[in-house]
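Try each task before you read its solution.

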Amino acid sequence: MTRSAPDSCPGVLRLHEAADGPLARIRVPGGRLESGQVQVLAEAAHDLGNGSLELTSRGNVQLRRIRDANELAARLATAGLLPSRTHERVRNIVASPLSGRVGGFADVHGLATDLDVGLQADAALADLPGRVLFTLDDGRGDVSTLRGDIGIQAVGDEFALLLAGTDTGIRVTPDEAVTVMLDAARGFLDLRAESGQWRLHEIPGGVEKVTETLDRSPAGARLELGATHDIPIGWLEQDNGLIALGAGVPLGTLPARVAEFLAAVEHPVFLTPWRSVVLPDLEEGTAETVVRVLAPMGLIFDAGSPWLQVSACAGRPGCAKSHTDVRTDLTEAIETGRVLGDEPPDPTEGRPATVEPGRDAERTLPADAADRAESGLDAADVVATGRQHWSGCERRCGRPTGPVTDVVATEGGYRINRPD
Ligand code: SF4
């Protein structure tokens, strides 16, 4: 399919007219925010938006129902969150959040900064589609699972060049990595001038054609990239003895008040592409205080939480295409124990639900809940296991990569599609 229209990805200077009001997307290359920037975003969400920060699947931030776009742009520019008016929408750079602190072969955060600077320095690259994604993986294989358009993954002392989510076999040194990624971006730009596609994988033979422009020969065995990777959650001991805290954010919605508490820790905050955050470089006592304060405010520090296996599109009221308010339905499903772990329930007995205080403590799920009819379901009858994405319509926006159960709202009720 040839794309004749320009991509419609929103930014700060070009808002998306969502059903619930104007939406701004703020790029956060490498996911790194300084504590002052977190505070600015929290105040902007409170003063100019709907009171929450939305974390996206590319480690960016969205603010909804923006009342004053000029004021927002001015605040973000002052905070260093809008360094370029021409390139703002192409700064989609995801880096391994724990890089340089816990495991991995390399620290890729510096390369993320260099790549961002290099992108902004090339006027032509402002024409990249806003959908293009750069991934910088420190070798643990986490962000490579996102199947970005252009990426690197550390392999020992060098990096594998990834295009359209596959290893090209090309190996580059750390000093060459940013230059080669920028060259690949230019190669893709030239190709899309003919094809009009928004993503490299959409162009037949695109990977081979971009590879040819780089004039480098493949060397070494190709990496097999994984489909999924664990989200960094909870208490993570850094290689230098400090603590990194990984915290899930239910459905990626971070209330401004909670963001202000994150800012008050006065450490950098890394946004992850799994709609969670990492607070690195904490002394043990500080980390204990953070957990004690922020867990009751809704952040998830328990890797077993069902919130970590679910995601949802905007749904109603943010999207006019949605058949229902999927986020409310999904929240209800979690609170009543209908979002299950990877294993289906024992079919021989009814399974008591996990019940929140104040809810119906007698509720019991039917024995065949996970196996029964999977379409035309009322929201209260949806029971799904494992990683799952709830969508308000068939477009399934924001669906994660890898094996995921789809819970899709249709005109006739919910439909469940389990992964093959
Ligand atoms: S999946 Fe459908 S309902 Fe959900 S945000 Fe996308 S278009 Fe809207």
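**Exercise 1: Overall fold**

Task: What share of the contacts with a separation of 6 or more comes from residues 24 or more positions apart?

Solution: The share is 64% in this protein. Keep in mind that the model is predicted. Next, take the secondary structure: the protein has eight helices and 23 strands. Its radius of gyration is 22 Å, close to the 22 Å from the globule rule for 420 residues, so the protein is as compact as a globular protein of that length. Along the principal axes, the C-alpha trace spans about 65 × 45 × 45 Å. Finally, burial: 53% of the 420 residues are buried, with under 20% relative accessible area as the cut-off.

**Exercise 2: An open sheet**

Task: Which strands form the open sheet with mixed pairing, and in what order?

Solution: Four strands take part, in the order 16-21-22-23. Now find the edges. Strand 16 (310–312) and strand 23 (413–417) each pair on one side only. Neighbouring strands are turned by 20 degrees against each other on average, direction ignored. Then look at one pair. Strand 21 (residues 388–391) and strand 22 (residues 405–410) run parallel, joined by four bridges. Ser391 has Val408 of strand 22 as its bridge partner. In general, strands of a sheet pair through backbone hydrogen bonds.

**Exercise 3: Around the ligand**

Task: How many residues of the shell around the ligand are nonpolar, polar and charged?

Solution: Start with the list. Around the ligand are Cys313, Ala314, Cys319, Lys321, Ser322, Gly392, Cys393, Arg395, Arg396 and Cys397. Now sort them. Five are nonpolar, two polar and three charged. Gly counts as polar here.

Terms used:
Residues numbered from 1 in each chain as written. Predicted model: local features only at pLDDT ≥ 70, side-chain atom pairs only at ≥ 80, totals over all residues. Heavy atoms only, no water. Pairing = 2+ DSSP bridges. Helix = DSSP H or I, 4+ residues; strand = E, 2+ residues; numbered from the N terminus. Axes fitted to C-alpha atoms, helices over the stretch in contact; angles between N-to-C directions. Near = heavy atom within 4 Å. Rg over C-alpha atoms; globule rule 2.2 N^0.38 Å. Buried < 20%, exposed > 50% of the residue type's maximum accessible area, 1.4 Å probe, protein only. Contact = heavy atoms within 4.5 Å.
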